[in-house]
Amino acid sequence: MKPSRSESGTQLVHVGRQPIFDARGDVVAYELLFRGDMEAVAAGRQDAYATSNVMINAFTEFGIREVAGDRLCFINLTREFLSGEIPLPFGPSQVVLEVLETVELDDDVIAGITRLAEAGYRIALDDFVWGSGHEQLFGLASYVKLDLLDGELGNLDEVVAAIREYPNIQIVAERLETEEQLALADRYGMELRQGYALSRPQVLTAASLSPSRLRRLELVTALSAPDADMPRIVSIIASDPALSLRVLRASNSVAAGHANRVSSVRQAVVMVGLKHIRQWAMLMVLDDVGGAAEEHMIGVLTRARLCENVAQWFGAAPDAAFMAGMITGVAEILGIPQATMTEQFPLAPAVAAALTDGSGRLGQVLSAVNSYEKGDLGTFDLVGQYMDAVRWSTRAFDASNRVPAA
């Protein structure tokens, strides 16, 4: 199902989340769920597209901090991700990888799950059924989820006893809908609980820009070169506002481990790393949704370029001015306050201050550009810089939508 469109050419993206509680009733994690629209009750599909959609929306549209704070996120993985055929674009710090009960365990899948566990990812066995073969993963698992609504409860004593032989495994009692099922979870000392009796899934919705389809393919191609050309990769990302925002949000998911904050697209690319940028780009191609209206995209690029062009007049860094102009332009399209946007990215203090209260040299840049866009020419003659920005943004947009030669 394609994301719904707004009149401005933006799209609405969705992700479901259902809280997972501990025995005291505190929320300790969320399971992230595919939702095609904000009214969806159930996922509707459990395939590679659904998994990619959840990852992209949670990490690069909302930002994982917005979705889950500092809590763990359980994400369903299909065979393609477990075997390593499609690489994961994020590290292990905040995710739990769920092995769906429908995944057939062959040598490739077991080897892939072993590599993931050795890399530090927590593994959960979803809807576990004794005798399915998934019990051979107990030595790798951190969680086992037991269905107390439709699961086979006749041999629950034996199943729980077998799990308890692995002290590192916590049991998640799932699909809890009645007081009797809650009591059953208590009786067996199941550490975590999930189900309608505690909380139904919530559907989070946000306005979004989508990167140009061909721009994504161009990025994948550039990243696939034996010697990736960093300037070209940064240029591709910087010329597409939607790509830039996704990279910024992805950088926010790893910012906790960095002392520095970003003030340019290049710094965000370096923070995320080319390996993870490549993996995100692959998922975005798999996600494959359309873009925003042409005039909006060109408008954002023009504003960003104009900020870059006039930065030197105020002693501001041009790349930081470009980023500030891009973020404020996207904020206007999406109808989101600039101050709210700053909370989603690991921005350098000077950039954050300019977006929040208009202070500093970058704030002066934004003020001058705002005045010019409103028709107040003020002290500075920006006509030449503006015409350059229009030409540059038009070329950049045309390049992002030009069918490449065969």
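The model on screen is predicted, with local features needing pLDDT of at least 70 and side-chain atom pairs pLDDT 80 or more, while totals for chains, interfaces and linings use all residues. Residues are numbered from 1 along each chain as its sequence is written, and side-chain values use heavy atoms, leaving out hydrogens and water.

Start with residues 318-334, helix α13, and residues 360-373, helix α16. Helices here are DSSP runs (H or I, at least four residues), numbered from the N terminus. The axes of α13 and α16 come within 10 Å and cross at roughly 55°; axes are lines fitted to C-alpha atoms over the stretch in contact, and angles run from 0 to 180 degrees between N-to-C directions. The two helices are therefore oblique to each other. Their crossing is right-handed (the near helix is turned clockwise from the far one by less than a right angle). Show A320, A321, A324, G325 and T328 of α13 with L362, V365 and L366 of α16, which make the contact (heavy atoms within 4.5 Å). By class, six of these residues are nonpolar, two polar and none charged; Ala, Val, Leu, Ile, Met, Phe, Trp, Tyr, Cys and Pro count as nonpolar, Asp, Glu, Lys and Arg as charged, and the others, Gly among them, as polar.

On the α9 side select P241, S244, L245 and L248; they meet M323, M326, I327 and V330 in α13. This contact has seven nonpolar residues, one polar and no charged.

Next, select helix α8 (230-238) and helix α10 (265-272), packed at about 115° with axes 9 Å apart. That makes α8 roughly perpendicular to α10. The crossing of α8 and α10 is right-handed. M230, V234, I237 and A238 in α8 meet V265, R266, V269 and V270 in α10. Seven of the residues in this contact are nonpolar, none polar and one charged.

Finish at the lining of the second largest pocket, to which α3 (79-82), α4 (107-118) and α11 (274-287) each supply at least two residues. By class, the lining has nine nonpolar, five polar and two charged residues.

Conventions:
Angles under 35 degrees count as roughly parallel, over 145 as roughly antiparallel, 65 to 115 as roughly perpendicular and the rest as oblique.
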